[in-house]
Amino acid sequence: MLPEDPAILLSYINTQLRDFYGNYEELCESLDIDGNEVKEKLEAIGYTYQKEINQFR
């Protein structure tokens with residue numbers, strides 16, 4: 001289960017990307033999560049996925 005708070009979700013997703021996954025799609029598939037839903041939550045607080053650095057910034 002993912003954190004509900006967007007700031008904590010951001011930290012969790014970026015940590016997972018940094019430590020375990022080569023890209024966002026791989027993370028979503030592995031964790032069986034809706035990537036669009038997560039992106040919308042993070043975009044609502046001003047963060048977008050940056051493929052070049054594999055992080056939400």
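This is a predicted model: local features need pLDDT of at least 70, side-chain atom pairs count only at pLDDT 80 or more; totals for chains, interfaces and linings use all residues.
Modeller: Ground rules: local features need pLDDT of at least 70 and side-chain atom pairs count only at pLDDT 80 or more, while totals for chains, interfaces and linings use all residues. Residues are numbered from 1 along each chain as its sequence is written, and side-chain values use heavy atoms, with hydrogens and water left out.

Biologist: In what order do the elements of the chain run from the N terminus on?

Modeller: Helices (H or I, at least four residues) and strands (E, at least two) are DSSP runs, numbered from the N terminus. The chain has three helices and two strands. Their order is α-α-α-β-β.

Biologist: What radius of gyration does the chain have?

Modeller: That value is taken over C-alpha atoms, and the globule rule is 2.2 Å times the number of residues to the power 0.38. For 57 residues a compact globule would come out near 10 Å, and the chain agrees, with 10 Å.

Biologist: Which helix does Lys39 lie in?

Modeller: Look at residues 35-43, where Lys39 sits. That stretch is helix H3.

Biologist: Is Lys39 buried, partly exposed or exposed?

Modeller: Buried means under 20% relative accessible area, exposed over 50%, and partly exposed in between (1.4 Å probe, protein chains only). Lys39 has 26% relative accessibility, so the label is partly exposed.

Biologist: Which residues does Lys39 touch?

Modeller: A contact means heavy atoms within 4.5 Å. Leaving out residues up to four places away in sequence, Lys39 touches Tyr24, Tyr49 and Phe56.

Biologist: Why do the buried residues of H3 line one face of the helix?

Modeller: The buried ones are Gly35, Val38 and Leu42. Seen down the axis of H3, they fall within an arc of 65°, so they line one face; the arc is that of the directions from the helix axis to the C-beta atoms. In general, an α-helix has 3.6 residues a turn, so residues three or four places apart point the same way. For H3, then, the value to quote is an arc of 65°.

Biologist: Which residues are exposed on the other side of H3?

Modeller: The buried residues of H3 pack against helix H1 (6-20), helix H2 (24-31) and strand E2 (55-56). On the other side, the exposed residues are Asn36 and Glu40.

Biologist: Which residue caps the N-terminal end of H3?

Modeller: Check the backbone nitrogen of Asn36: a side-chain oxygen lies 3.0 Å from that atom. The oxygen belongs to the capping residue, Asp34.

Notes: A polar contact is a pair of N or O atoms within 3.5 Å; within protein, one must be able to donate a hydrogen and the other to accept it, and residues adjacent in sequence count only if both atoms are side-chain atoms.
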